[in-house]
Amino acid sequence: MSTIGHNNPLYKIVSTHYLIAGLFFLVLAGMLLFSLEALSGHYFQPKILAMTHTAALGWGSMIIFGALYQLLPVILETKLYSIKLAWASITFFVPGIVLLVYCFWIFDPGMYMQIAGVLVFTAIILFNLNVFFTVKYKKQESIFQEFIITACLWLTLTALLGLLMVFNFQYSFLQKDHLHFLRLHAHMGIAGWFLMLIIGVSAKLLPMFLISEYEKKHLLLFAYYCINAALLLFLLDGYLHGINGYTYFVWLLGVTGVCFYLFYIFRCFQSRIRKDVDLPMVKSLFSFVFLAAGILILPFILYYHLKNDAFAVNLSTLYGSLIFMGWISLLILGQTFKTLPYIVWVKHYEQLTGKVKTPLPSDLINKGLLYAQSFAFLLFLLAFISGFLFSSFTLKSIAAGSLAVTALSYFAHLIVLLLHQTKTEDYDHI
Amino acid sequence: MITFDIPEFLFAMKVTVVDALKTVIDPELHVNIVDLGMVYHVKVDDINKCILIEMTLSSRNCPMSESILSAVKNSIIRTFPDYQAEVSLVWEPAWNYRTIPEAGLRKLRGL
């Protein structure tokens, strides 16, 4: 019955994803330390592209893949289709990301970047097959699965366009310039993959963690249609006409969708039975402030872009930073320590419960490391955003240092959790 | 509300069984399964020396299901070494937040 037994391979595949994602987070922090100057320039440059792909693939998507292998059975109430497929996916994914990021960093848009693109695309296809087959064998349909499947479709399209762009560097077959496609590629990834998936997963898990019985799923349905319609319109209009006045309407439609979702989360929070909210949940909920902040910057980017003002480029980098480093990273930093302790706990204590007194999953968390990581990340966000707004190199340096501390404490915490030793107490001694 | 099927002369066992079950804590909610209203029925079969627990879980694919069920079994065997323990999982009536007894709600609210 359990999804993660003592010898269950699901533990290995999930923990491997978490560990590798933690390593990529460390690499990302290191890259930021050595490329602060690049942040002041245009976002379409080697180091920014390398960092963005480390964040989006190595950090964000890697941990989402691992977490989904663990959570799909809970969300969809069915078993994961195949562990072997999950291993096959990561076998392509890791070398693909490493090679891709390296090729961006030194900007070698040749054969190695193409190989990297093919590896990443293959990994994504294998991951998607696993999700589709898991959903296929599910008995009841739910709005959550619609979000997850749609997110996977967008991920495939994002990766496909990315792959085409990689080949286009050498063969130049795309009709329009790279910046044009980069915009579409980025928004398919952000709104299609990350936003759709995070909505689908969080809409199921946040009420569970908060113990809320709020069940107005139609808000999620409105969010689903608005966001997807906005994204499709953006892609179609963006491809044909580029950014124009009409894009404000598309933005408004997307924002309406996000508002429906945020209202759903707010109502879940408001109607929760459990009043105390732990630090990982506080971080997860706080992350949505950065999503909102990122979205609110978009009309300003449009405004300056339409005026051909270079400030639009700076705002675009800030927008990307708020989305990847504010919203997605904060959510991951929070949710890692809501989900990982469970699989570690099950591995150590599943057969011991009731015989002897065992700790609870939340007792496995190292509070010191959690607070260190939270404080360092808060400092990073404050220093990074203000450093960006005031163009201060000192503040950006503080931000890069803080991110390095965050990544180190996060990775150390992962190691502490995965090396946990079984600790029990006899009931007679209590 | 738990219903009991216990022979009159073993009536004292009722409190002890409930106390044993109260040592089983839901790993996410941090409240014991009795106060969460997950235990529906307790039957003591003195002839076959068996205690049957009929209970439910928060969801059918609860990732903690195996650990909770083995905890229930182990807690009964630890408290009544002469008895066997059987746990029967039922899904009707379905558990939801509205069925949580007042004691469980108080604990969840941190009161």
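How many residue pairs are in polar contact across the interface of chain A and chain B? Eight, counting pairs with both residues at pLDDT 80 or more. Keep in mind that this is a predicted model.

Let's stay with that interface. On one side, 31 residues of chain A are in contact with chain B. On the other, 26 residues of chain B take part. The area buried between the two chains is about 2700 Å². Carbon and sulfur atoms give 57% of that area.

Now the charges. The rule finds two salt bridges across the interface. In a salt bridge, the side chains of A:R274 and B:E28 meet at 2.9 Å, N to O.

Which elements of chain A give two or more residues to the side that touches chain B? They are helix 2 (46-76), helix 6 (178-210) and helix 10 (311-349). Helix 10 of chain A gives the largest share, four residues. By type, this side of chain A divides into 15 nonpolar, eight polar and eight charged residues.

Next, helix 11 of chain A, residues 367-389. This helix has 23 residues. From first C-alpha to last, helix 11 reaches 33 Å, close to the expected 33 Å. Its buried residues include A:F377, A:F380, A:F384 and A:F388. A:Q373 and A:S374 are also among the buried residues. What do the buried residues of helix 11 pack against? Helix 1, helix 9, helix 10 and helix 12 of chain A.

Last, the two ends. At the start of helix 11, a side-chain oxygen of A:N366 reaches to within 3.0 Å of the backbone nitrogen of A:G368. Just after helix 11, A:S391 takes a positive phi of about 50 degrees.

Methods. Residues numbered from 1 in each chain as written. Chains lettered and ligands numbered in written order. Predicted model: local features only at pLDDT ≥ 70, side-chain atom pairs only at ≥ 80, totals over all residues. Heavy atoms only, no water. Contact = heavy atoms within 4.5 Å. Buried area = accessible area lost by both parts, 1.4 Å probe. Salt bridge = Lys/Arg side-chain N within 4 Å of Asp/Glu carboxyl O. Polar contact = N/O pair within 3.5 Å; in protein donor to acceptor, adjacent residues only side chain to side chain. Nonpolar A, V, L, I, M, F, W, Y, C, P; charged D, E, K, R; others polar. Expected span 1.5 Å × (residues − 1). Buried < 20%, exposed > 50% of the residue type's maximum accessible area, 1.4 Å probe, protein only.
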